[in-house]
Amino acid sequence: MAVAKKITINDVALAAGVSVSTVSLVLSGKGRISSATGQRVNEAVEQLGFVRNRQASALRGGQSGVIGLIVRDLTSPFYAELTAGLTETLEAQGRMVFLLHGGREANQLLQRLDMLLTQGVDGVIIAGASGVGSELCERAAAKGVPLVFASRASYLDEADTLRPDNMQAAQMLTEHLIRRGHQRIAWLGGKSSSLTRAERVGGYCATLIKYGLPFHSEWVVECESSQKQAAEVIGAMLRRNPTISAVICYNDTIAMGAWFGLIRAGRQSGEGGVETFFGQQVALGAFADVGENALDDLPIVWATTPAREMGHTLADRIMQRIDNTEVQAGHQIVAARLVPVK
């Protein structure tokens with residue numbers, strides 16, 4: 001049986017009527033090549049079925065076209081959306097994403113990074129890396145590979161980081177409810193070990209204090225990301241504190257459960273106002289990691305920081321670092337947007 005001939009860069013150059021170096025420049029995206037020449041080369045690549053050897057290109061000192069991505073928790077909706085946005089943007093630029101699951105242990109993250117660095121990637125993005133940022137930065141710098149972090153909270157002072165502004169989101173959400181007439185606002189959800197929750201609760205408390213409103217520690221209740229548990233907890237909260245007129249929920253899952261809990265308690269959520277008293281509606285506010293079009297159609301006011309859009313921004317950032325090694329590391333903080341009840 002005849003063996004199909006492997007298509008080489010020389011075959012592409014011959015078919016396009018250009019030199020091998022011109023083909024190389026087109027594939028790498030470097031150099032000043034006319035659009036007509038670039039089109040001829042790309043058409044030849046497609047017609048011949050040429051597959052670029054990215055690793056060989058990297059060994060020759062060029063770019064491999066591969067971006068390494070380590071995600072600490074792929075089950076997190078935030079990081080799943082972030083990964084989708086990042087991949088969309090990089091693939092549209094002809095880049096390939098090499099995805100690894102980082103795991104929760106620090107040594108696992110370090111092992112994954114070492115694996116990527118030995119594969120000749122052009123840059124690395126790490127989504128979620130609490131506690132080992134400095135060592136990761138040192139290893140990437142030793143190899144001359146740009147490294148950018150994406151996180152849900154502000155724990156990496158020394159690194160190039162993109163993260164949402166959790167405190168601003170909570171302040172905006174709390175202030176909106178206050179302006180709607182609510183003075184007794186509670187908090188539901190998240191675990192005390194979560195830095196994201198700590199930042200959000202900090203924004204909530206700071207806003208209550210700013211407006212001279214009461215804050216009670218028993219009004220800040222932990223809850224797993226479970227609709228069933230949230231429904232039960234909000235019911236118990238309102239039985240103990242019936243004058244609460246608004247509740248801020250840690251995420252969309254808890255908000256959905258809280259809404260069902262309010263229906264069960266006969267206090268279905270709404271915007272309400274200064275006339276909201278015991279036995280009437282309770283307003284809900286919540287945080288979301290998706291765009292406005294993807295939000296549940298419920299009477300909830302949202303503070304949203306779309307993770308997919310953050311992924312687009314993250315892709316642009318790593319490409320800036322790859323194309324210009326002089327770009328300094330810095331913090332980019334993404335503000336939340338308020339989506340009122342429709």
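Visitor: Before we look around, when does a charge sit over a ring?

Guide: Happy to start there, and please keep in mind that this is a predicted model. For Arg, the atom to watch is CZ, and for Lys it is NZ. That atom has to be within 6 Å of the ring centre and within 35 degrees of the ring normal.

Visitor: At what distance from the ring centre does R200 lie over the face of F287?

Guide: R200 has two rings to look at. Its charged end sits over the ring of Y250, 5.1 Å from the centre of that ring. Over the face of F287, the distance of R200 from the ring centre is 4.4 Å.

Visitor: Is F287 buried or exposed, and what about W187?

Guide: The cut-off for buried is under 20% relative accessible area, while exposed is over 50%. W187 and F287 both come out as buried.

Visitor: Why is the ring pair of W187 and F287 called tilted?

Guide: A pair of aromatic rings is described by the distance of the centres and the angle of the planes. Planes under 30 degrees apart count as stacked and over 60 as edge-to-face, with the rest tilted. Here the centres are 5.8 Å apart and the planes stand at 45°, so the pair of W187 and F287 is tilted.

Visitor: How many residues apart in sequence are the parts that this pair ties together?

Guide: W187 belongs to a cluster linked by ring pairs, together with Y204, F215 and F287. Since W187 lies in strand 6 and F287 in strand 9, their pair ties together parts whose separation in sequence is 100 residues.

Visitor: Which elements do the buried residues of helix 11 pack against?

Guide: Helix 11 covers residues 252–264. Its buried residues include I254, M256, W259 and L262. They pack against helix 10, strand 6, strand 8, strand 9 and strand 10.

Visitor: At the start of helix 11, which backbone nitrogen does a side-chain oxygen of N251 reach?

Guide: Let's look at both ends of this helix. Following helix 11 is G266, with a positive phi near 75°. At the start, the side-chain oxygen of N251 comes to within 3.3 Å of the backbone nitrogen of T253.

Visitor: Is G291 buried, partly exposed or exposed?

Guide: G291 has its place in the loop between strand 9 and strand 10. Leaving aside neighbours within four places in sequence, G291 is in contact with T304 and P306. Its relative accessible area is 25%, so G291 is partly exposed.

How values were computed
Residues numbered from 1 in each chain as written. Predicted model: local features only at pLDDT ≥ 70, side-chain atom pairs only at ≥ 80, totals over all residues. Heavy atoms only, no water. Helix = DSSP H or I, 4+ residues; strand = E, 2+ residues; numbered from the N terminus. Expected span 1.5 Å × (residues − 1). Buried < 20%, exposed > 50% of the residue type's maximum accessible area, 1.4 Å probe, protein only. Contact = heavy atoms within 4.5 Å. Polar contact = N/O pair within 3.5 Å; in protein donor to acceptor, adjacent residues only side chain to side chain. Phe/Tyr/Trp six-rings, centres within 6.5 Å; stacked < 30°, edge-to-face > 60°.
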